[in-house]
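Hi,

Here is the model I promised to pass on.

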Amino acid sequence: MKTFARYVFRQAAGALLLILTSLGGVVWIGLALRELNVVTAEGQSGWTLLAMTTLALPNLLAIIAPIALLIAAIHTLNRLNTDSELIVLTASGATVWTAAKPLILLAGIVMVCVLSVNHVAMPWSLRQLRETVMQLRTDLLTQVIQPGKFSSPEPGLTLHIRERAPNGELRGLIMDDRRSKKQSQSYLAEHGVIVKQDGTAYLAMRDGNVVRRDGTDKPAEILAFETYTVDLDNFEAKTQGAADLKPRERYFSELLSPEPGSKNFKLSPGSFRAELHERFSNPLYPLAFVMIALASAGQAQSTRQNRMQSLAFGFVAAILCRLTGLAVNNIVVINPAAVPLLYAIPLGTAAAAAFVVMRGPRKRTTTGTFEALSDAVQVQAARFWARRRRWRAAPASRR
């Protein structure tokens with residue numbers, strides 16, 4: 001790598017790290033504020049809040065990283081233009097690709113990082129977050145359920161126990177669930193215990209009854225049971241088996257071949273398809289954004305107004321490109337025929353931007369709208385002040 005290429009790469013990489021850290025910090029603060037009730041209302045420690053917010057970051061880094069690269073590339077090229085370095089480089093006979101090569105190399109590094117986050121870091125972090133939330137829910141129920149007191153972990157849900165045994169067993173358990181307007185359920189059991197299995201917390205009850213009411217004039221249904229298990233995530237009866245992971249919590253092989261008993265796959269197979277292709281198409285956006293930055297700010301320019309207009313246009317074009325990709329990803333959930341569009345959008349954008357870069361700057365035959373308006377205002381102002389000076393210089397008798 002030549003000296004100038006190393007210089008551009010160093011400038012762009014430093015800006016990328018700074019912008020990525022800043023955007024990541026803003027996102028982390030937003031997540032922390034959203035989960036602040038974990039500490040204030042649920043009595044958890046600050047470490048729990050830190051773990052939950054940090055584990056949620058990789059899920060957003062795949063979207064933040066390309067945007068950070070776009071800002072870093074535009075900032076670097078604009079700085080080279082402002083310091084007249086691109087003008088000197090062009091005058092020496094070099095082409096725009098001299099500055100483009102280190103930026104494309106940096107885009108390749110970001111693409112590999114985003115691909116690794118999509119297939120490794122994001123599923124792992126979301127699984128850890130799932131376990132943390134499950135542990136939090138279990139600890140919360142353990143804290144709020146006090147013997148001889150009625151507790152409400154959330155509106156519409158009331159819990160009561162007669163006593164808690166030294167081994168953690170709940171005795172004389174009553175749980176009334178009125179969160180659903182269509183049906184309310186009440187559980188009464190002599191014994192109960194909170195069990196963790198396959199990443200999910202369950203409330204296992206023995207020797208009790210379930211009273212169900214559907215909100216109509218029909219009499220309540222009373223079901224007696226010897227053993228009954230309730231999932232603490234939604235307080236509905238759950239069959240035995242492994243936890244059903246969401247598409248974003250799965251690795252590549254699990255997305256490609258979901259287990260036959262997956263309820264999430266049966267309810268929405270399109271979400272698995274969309275997530276799988278999104279993980280491969282998303283890493284293409286860093287290349288597309290770098291090409292947009294080169295098309296908007298890679299040419300040597302000396303007019304600040306024109307340069308600012310090009311920068312704004314490039315930034316808006318990149319944001320529209322990414323939003324279109326996210327919209328198409330939602331369409332893929334419904335229609336698999338839209339899958340090629342997920343790859344066509346970033347690749348087509350990169351190709352169009354490369355064409356603009358190779359074409360070079362177009363010769364200006366007419367002034368732009370802003371320049372024409374500015375010139376007209378200056379002419380009228382000059383005429384006004386000239387008339388005012390002539391009026392003051394004229395004798396009082398001629399006024």
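A definition to start with: a residue is called buried if its relative accessible area is under 20%, exposed if over 50%, and partly exposed in between (1.4 Å probe, protein chains only). Now the ground rules. This is a predicted model, where local features need pLDDT of at least 70 and side-chain atom pairs count only at pLDDT 80 or more, while totals for chains, interfaces and linings use all residues. Residues are numbered from 1 along each chain as its sequence is written, and side-chain values use heavy atoms, with hydrogens and water left out.

**Overview**

The protein has 13 helices and seven strands; these are DSSP runs numbered from the N terminus, with helices being H or I of at least four residues and strands being E of at least two. Of its 399 residues, 37% count as buried. Contact here means heavy atoms within 4.5 Å. Among contacts between residues at least 6 apart in sequence, 61% join residues at least 24 apart.

**Salt bridges**

I count a salt bridge when a side-chain nitrogen of Lys or Arg is within 4 Å of a carboxyl oxygen of Asp or Glu. Side chains of opposite charge can pair when their charged atoms come close. The structure holds 11 salt bridges, and here are some of them.

- Glu275 pairs with Arg279, with the closest N and O atoms 2.9 Å apart. The two are four residues apart in helix H9 (residues 269–281), so about one helical turn separates them. Both Glu275 and Arg279 are buried.
- Elsewhere, salt bridges with shared partners join Glu163, Glu169, Arg171 and Arg206 into one network.
- Arg130 pairs with Glu249, the closest N and O atoms being 3.2 Å apart. This one links distant parts of the chain: Arg130 is in helix H6 (residues 97–144) and Glu249 in the loop between strand E7 (221–231) and helix H7 (252–256), 119 residues apart. Glu249 counts as buried, at 9% relative accessibility.
- Asp176 pairs with Arg213, and their closest N and O atoms are 3.6 Å apart. Asp176 sits in strand E4 (residues 170–177) and Arg213 in strand E6 (residues 200–213), so the bridge ties together parts 37 residues apart in sequence. Asp176 is buried at 15% relative accessibility, whereas Arg213 is partly exposed at 24%.

Glu278 is found in helix H9 and is buried, with a relative accessible area of 9%. Leaving aside neighbours within four places in sequence, Glu278 is in contact with Asn118, Pro283, Arg322, Leu326, Asn329 and Leu342.

**Helix packing**

Angles run from 0 to 180 degrees between N-to-C directions, and axes are lines fitted to C-alpha atoms, for helices over the stretch in contact. Under 35 degrees counts as roughly parallel, over 145 as roughly antiparallel, 65 to 115 as roughly perpendicular and the rest as oblique. A crossing is left-handed if the near helix is turned anticlockwise from the far one by less than a right angle, and right-handed if clockwise. For residue classes, Ala, Val, Leu, Ile, Met, Phe, Trp, Tyr, Cys and Pro count as nonpolar, Asp, Glu, Lys and Arg as charged, and the others, Gly among them, as polar.

How do H1 and H4 pack? Helix H1 (residues 3–34) and helix H4 (residues 58–82) meet at an angle of about 140°, with their axes 8 Å apart. That makes H1 oblique to H4, and the crossing is right-handed. The residues that meet include Phe4, Tyr7 and Leu31 in H1 and Leu60, His75 and Arg79 in H4. By class, the H1 contact with H4 has 20 nonpolar, three polar and one charged residues.

Helix H10 (residues 285–297) packs on helix H12 (residues 339–359) at about 25°, their axes 8 Å apart. H10 and H12 are therefore roughly parallel, and H10 passes H12 in a left-handed crossing. Among the contact residues are Tyr285, Met291 and Leu294 of H10 and Leu342, Thr349 and Val357 of H12. This contact has 14 nonpolar, one polar and no charged residues.

Most residues other than glycine have a negative phi. Asp207, in strand E6, has a positive phi of about 60° although it is not a glycine. Asp207 counts as partly exposed, at 42% relative accessibility.

Cheers
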